[in-house]
Amino acid sequence: MDRKHRDILRRMRLELCSQGLADGLVPQYLFQEGVITSEQLEDITSQATSQRRTMKLLDVLPTRGPKAFQVFLVSLSEFPWIRDKLDLLCKESLVEKTLHLPNNIKDICPSDKQLSLLADQLGADWEKVLGYLGLDHVELYKCKVQNPYSVYSQAMEGLVKWKRHMGHKATMQYLWEALQAAEVHHSSLETLLQLS
């Protein structure tokens, strides 16, 4: 399943669980179309509550290959309002993919203010981003130990270390590529664009 589809299912998880999707024909249709196995169908239907059945379905679905999301959309014939919302989110994610870094800022070194605002946006994704920026596990661990109660401070310290270590090579382009490689939410990319 594509990352964008996994993200959509994750963002919609609570809403989908509240609809009782796994109580209708959805799991049966997914089984019929070969998206889930008979064991997975049994595991889903054996859950005690409607919400747990849907949670189990949402846990299994992202692991079931590239066609799983599209077949899932087709299976929502009993829930057209959910299918429409998922379709809309897919279209919005296509717009997000069109973000690109303008040429005039690619070689600019990000300021501490820009890094601070980005650190605030990254949240728990900071470790993955800094891994792509080249910080090793020891440096990441030091950031955590020196700032045990603040994810923002951990991220900020890591970004400043990256900037110091890379010097003039610490460019917006380098940072942009790390954000994309880490598959962070598009809002972090937008923040970087707005700050430029």
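I first looked up Arg13 and Asp59, whose side chains meet in a salt bridge at 2.9 Å, N to O. I take a salt bridge to be a side-chain nitrogen of Lys or Arg within 4 Å of a carboxyl oxygen of Asp or Glu. This pair links distant parts of the chain, 46 residues apart, with Arg13 in helix H2 (residues 13-18) and Asp59 in helix H5 (residues 50-60). Helices (H or I, at least four residues) are DSSP runs, numbered from the N terminus.

I note that this is a predicted model, in which local features need pLDDT of at least 70 and side-chain atom pairs count only at pLDDT 80 or more, while totals for chains, interfaces and linings use all residues. Residues are numbered from 1 along each chain as its sequence is written, and side-chain values use heavy atoms, with hydrogens and water left out.

**Entry: accessibility of the pair**

I then checked how accessible the two partners are. Buried means under 20% relative accessible area, exposed means over 50%, and partly exposed lies in between (1.4 Å probe, protein chains only). Arg13 is partly exposed at 25%, and Asp59 is partly exposed at 43%.

**Entry: Lys56 and Asp43**

I found a salt bridge between the side chains of Lys56 and Asp43, at 3.5 Å, N to O. Lys56 lies in H5 and Asp43 in helix H4 (residues 38-45), so the bridge ties together parts that are 13 residues apart in sequence. Lys56 counts as partly exposed at 24% relative accessibility, as does Asp43 at 32%.

**Entry: the sides of H4**

I went on to H4 itself. Gln40, Leu41 and Ile44 are buried there. They cover an arc of only 100° around the axis, which puts them on the same side of H4; the arc is that of the directions from the helix axis to the C-beta atoms. Glu39 and Glu42, on the other side of H4, are exposed. I also looked up what covers the buried residues of H4, and the cover includes helix H3 (26-32) and H5.

I turned to Glu139, which forms a salt bridge with Lys142, their closest N and O atoms being 3.8 Å apart. Both residues lie in helix H10 (residues 137-146), three residues apart, about one turn of the helix. An α-helix has 3.6 residues a turn, so residues three or four places apart point the same way. Glu139 is partly exposed at 25% relative accessibility, and Lys142 is partly exposed at 36%. I recorded a network of salt bridges that links Glu139, Lys142, Glu157 and Lys161.

**Entry: total**

I counted ten salt bridges in the structure.

Key:
Helices (H or I, at least four residues) and strands (E, at least two) are DSSP runs, numbered from the N terminus. Contact means heavy atoms within 4.5 Å.
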